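Dear colleague,

I am handing over the structure below, and after it I set out what was found. Please read the notes with the model open beside you.

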Amino acid sequence: MEKMLENVFHLKENRTTVQTELLAGLTTFMTMAYILAVNPLILSAAGMDAGAVFTATALASGISCVLMASFANLPFALSSAMGLNAFFAYTVVGQMGYSWQLALTAVLVEGLIFIALSVTNVREALFNAIPLTLKSAVTVGIGFFITFIGLQNAHVVVAGPKLVALFSFPKAMAEGTFHSEGITVLLALFGILLTAVLVIKNLKGHILIGIFATWGLGIVLELLGVYIPDPARGYFSLMPTGIVAPPVSLAPTFLQFDFHAILSLDFIVVIFAFLFVDLFDTLGTLIGCASRADMLDEKGRLPRVKGALLADACGTSLGACLGTSTISTYVESSAGIVEGGRTGLTAVTTAIFFLVALFFSPLFLAVPGFATAPALVIVGFLMMQQVAKIPWSDITEAIPSFICIAVMPFAYSIAEGIAFGIISYTLLHVASGKFRNVTWLMYVLTVLFILKYAWL
């Protein structure tokens with residue numbers, strides 16, 4: 001067996017061993033398995049069946065990791081992208097009013113476009129066309145956006161007379177909702193602090209541990225009578241109905257496409273938003289993880305990057321067919337790389353754990369919103385770290401980045417943040433006489449976005 005794995009993954013050539021790769025794959029899975037709890041919660045807000053989404057997420061993740069190993073022999077794992085799943089549920093469906101079937105269609109089209117771009121050099125060319133500062137700003141803006149969503153899901157932030165407000169414990173006591181809603185808010189705050197401590201301690205699987213520890217404490221409080229379920233208000237028992245079960249059927253989401261509005265301007269904007277964020281998130285993740293593994297050549301290029309991008313693109317199309325949002329390479333892959341993962345065997349190992357998880361759907365689907373909120377907040381923090389890459393001393397670069405970051409959470413839309421960032425970047429560079437620093441593609445995108453706002 002070891003000899004066969006050596007022949008397939010070239011372990012010695014990459015200065016690694018079977019044991020190292022297996023540990024790295026488990027570590028990667030532990031750091032990103034939270035997506036199995038979070039993704040069904042987010043996409044169910046769009047009206048999708050949570051059980052089917054769970055199965056689609058696990059299958060698409062597992063198969064995409066195998067594709068990464070097959071096409072590129074790299075230790076990168078893939079799953080439904082955080083941020084893009086929020087864009088899918090809260091912007092495309094919730095804000096723009098499209099059906100989730102149409103949003104899945106946009107994901108499918110995005111994946112097919114990426115397959116075409118990945119077999120050529122177009123995807124790399126697009127990466128070079130968009131300014132580096134805006135790439136960083138998009139990541140930071142998404143971080144703020146999903147943090148806001150996490151705080152909302154936990155009811156730490158609620159609607160108020162000034163649009164939003166913090167949850168009021170005295171009000172909950174007066175209304176008799178403290179032992180249902182109030183306790184879950186406290187549990188979410190506890191979970192955020194606990195997960196932060198685990199991050200500081202650099203404990204592997206910190207996000208997953210934070211989710212289950214927060215949920216476990218909630219179960220204890222329910223058993224003690226401190227947390228009292230209130231189904232009428234949406235606060236149910238925290239105890240799962242089981243742990244092991246056959247995989248949930250894909251039928252509610254499998255091939256559920258709607259092509260009736262694919263030629264509309266809004267639909268094109270949605271596809272572009274998916275394309276833009278996935279493109280730069282994936283390329284940025286590949287470069288960042290490859291740098292940590294010392295895989296980049298002397299010119300800063302990643303060998304076999306075309307295969308990695310193709311795996312990502314095929315995973316997105318496959319995920320849409322199964323019934324989940326955009327599949328993307330995960331920055332958590334760096335956790336496995338730190339453990340020594342250097343080849344596709346790490347990705348295959350991660351894939352095996354995703355497929356095994358199919359049989360534990362009752363455990364993952366019972367995870368309440370207050371327990372996944374810490375994951376969203378901490379992932380938002382990790383994405384926020386990209387803000388250091390923005391040159392704040394260069395005002396012409398910094399202001400568009402700031403606008404991009406601010407608009408995403410305040411407009412409750414990733415797409416609007418991207419659009420405002422690109423428009424302001426181009427116009428400010430033209431107004432300051434730096435128009436030669438703007439690529440032709442940026443001018444094209446600026447015109448398209450302006451026309452979009454003029455027409456809608």
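To begin with the cysteines, the sulfur of C314 lies 11 Å from the closest cysteine sulfur, that of C321, which is too far for a bond, a disulfide being a pair of cysteine sulfur atoms within 2.5 Å. A search of the whole structure finds 0 disulfides. C314 is partly exposed, at a relative accessible area of 21%, whereas C65 is buried, at 0%; here buried means under 20% relative accessible area, exposed over 50% and partly exposed in between, with a 1.4 Å probe and protein chains only.

This is a predicted model, in which local features need pLDDT of at least 70 and side-chain atom pairs count only at pLDDT 80 or more, while totals for chains, interfaces and linings use all residues. Residues are numbered from 1 along each chain as its sequence is written, and side-chain values use heavy atoms, with hydrogens and water left out.

Turning to the helices (DSSP runs of H or I, at least four residues, numbered from the N terminus), the axes of α3 (residues 35-44) and α17 (residues 369-384) come within 10 Å and cross at roughly 110°, the axes being lines fitted to C-alpha atoms over the stretch in contact and the angles running from 0 to 180 degrees between N-to-C directions. The two helices, α3 and α17, are therefore roughly perpendicular, a term that covers 65 to 115 degrees. Their contact (heavy atoms within 4.5 Å) is made by A37, V38, L41 and I42 of α3 with G369, T372, A375 and L376 of α17.

Kind regards

How values were computed:
Parallel < 35°, antiparallel > 145°, perpendicular 65-115°, else oblique.
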